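Me: I'm new to this one. Can you walk me through it, in short answers?

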Amino acid sequence: MKKLLCCFVLCLSQFAMAEKALNLFNWNDYIAEETVARFEALCGCKVVQDYFSATEEMMAKLLAGGGDYDVVIPTQNAVEALIKQGFLLPLDKTKLGNIGNSAAGYMNKAYDPGNVYSLPYAFTTTLVGYNENKIAELGIDPADWSIIFDPAVLAKIKGKVTVMDDAEELFGAALKYLGYSINDNNEQHLKEAQAAILKAKPYWAAFNSSSYIKELTVGNIWVAHGYSSDMFQARADAADAGRDFSVNFVLPTQGAVLALDNMVIPKKARDPELAHMFINFMMDPQNAAELTTIVGTGNPNAAATPFIDEDILKITAIFPTPELQAKLETVSARNAKERRLVNKLWTEIKVR
């Protein structure tokens, strides 16, 4: 009987371990499989991931009741909104021994003073990815937002361009193209940006925030508006597949969006203890470096730099020069009135 009881307890223990899971809500393709496997081995758990491809999609799911993830990776403006909603759990810094590895320039930001609720994960730029061979043949400058918005340029690549299905990102690019700040909330300027988008729309193949990596890699499209980390992957995938063309990516000279993504814990997290373990794990310099080396993100972890391939550190679209950095802006959270205006303009764009 004692033997049976011991076996039963052991089975229960093994079952509990098998059931232990970190529920992660993350951007598509935003953590290396190798990193996930190491964390699973370290904590004896399974990482269960759900994905989103736009901030609006993430916010809608979380605020509609899907807030029981252990860790979410929102961009800075979404962090600000989630804090205002009272949605996040304050971090227990006593469980985050690696917190000192984060570079000072990415800490204590205005959206979360003192990093009460969030810690930096990675950063990306939103830029232009392109088929080097086709764009060179056509004599088009990819380092200019005209490749996305100027009908005269687009006429040469009609049906071979995709843009992000994301209001903030697309309006941000259009505002930069017009010489405005991405956070410009002047109604007239936003309507000018809408007009620029509507003029360009007939030349685009699609609004696409999820599969443009593949479309660019196989040659179905020649130009994509998207994240630097995705373009890094597309370039590698095209090379690995031995395509007869190469993929590259570049920051437009007018400037672009810089997105600082963060790790946060919702109040409804199923396992806050495991969530803190994951956040601390991702702030280890070698784990953080893997985000850059394999995924192609910019890195806010100062201690990670010695572990990053020097060739990647030289890519200015991932690690911008001071000159380029001055032209980059992070998206700020809009107030209710501003959101209503942008949503109205965006709806009009999508239905026309």
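This is a predicted model: local features need pLDDT of at least 70, side-chain atom pairs count only at pLDDT 80 or more; totals for chains, interfaces and linings use all residues.

Me: How many disulfides does the structure hold?
Reply: One.

Me: Is C43 buried or exposed?
Reply: C43 counts as buried, because its relative accessibility is 9%.

Me: And is that disulfide left-handed or right-handed?
Reply: Left-handed, because the torsion about the S-S bond of C43 and C45 is about -45°.

Me: Next, helices. What does C43 in α2 meet?
Reply: C43 is part of a contact between two helices. T35, R38, F39, L42 and C43 in α2 meet L274, M277, F278, F281 and M282 in α12. Contact means heavy atoms within 4.5 Å. Helices are DSSP runs of H or I with at least four residues, strands are runs of E with at least two, and both are numbered from the N terminus.

Me: What classes do those residues fall into?
Reply: The contact of α2 with α12 has eight nonpolar residues, one polar and one charged. Ala, Val, Leu, Ile, Met, Phe, Trp, Tyr, Cys and Pro count as nonpolar; Asp, Glu, Lys and Arg count as charged; the others, Gly among them, count as polar.

Me: At what angle do α2 and α12 pack?
Reply: About 130°, with their axes 11 Å apart. That makes α2 oblique to α12. Axes are lines fitted to C-alpha atoms, for helices over the stretch in contact, and angles run from 0 to 180 degrees between N-to-C directions. Angles under 35 degrees count as roughly parallel, over 145 as roughly antiparallel, 65 to 115 as roughly perpendicular and the rest as oblique.

Me: What about α2 and α13, how do they pack?
Reply: Helix α2 spans residues 33-43 and helix α13 spans residues 285-295. They pack at about 155°, with axes 9 Å apart. The two are therefore roughly antiparallel. E34, T35 and R38 of α2 make the contact with N287, E290 and I294 of α13. By class, that contact has one nonpolar, two polar and three charged residues.

Me: Which residues of α9 meet α16?
Reply: E187, L190, K191, Q194, I197 and L198. On the α16 side are L341, V342, L345, E348 and I349. The contact of α9 with α16 divides into seven nonpolar, one polar and three charged residues.

Me: Why does that spacing turn up along a helix?
Reply: An α-helix has 3.6 residues a turn, so residues three or four places apart point the same way.

Me: And at what angle do α9 and α16 pack?
Reply: About 20°, with axes 10 Å apart. That makes α9 roughly parallel to α16.

Me: New topic. Where is N115?
Reply: N115 is in the loop between α4 and β4. Its phi is positive, about 50°, although N115 is not a glycine. N115 counts as buried, because its relative accessibility is 5%.

Me: What does G114 touch?
Reply: K93 and N108, not counting residues up to four places away in sequence. G114 counts as partly exposed, because its relative accessibility is 39%.

Me: Last one. Which residues of α4 are buried?
Reply: Q76, N77, A78, V79 and L82. What covers them includes α3 and β9. G86 follows α4, and its phi is positive, near 65°.

Note on methods: Residues are numbered from 1 along each chain as its sequence is written. Side-chain values use heavy atoms; hydrogens and water are left out. A disulfide is a pair of cysteine sulfur atoms within 2.5 Å. Buried means under 20% relative accessible area, exposed over 50%, partly exposed in between (1.4 Å probe, protein chains only).
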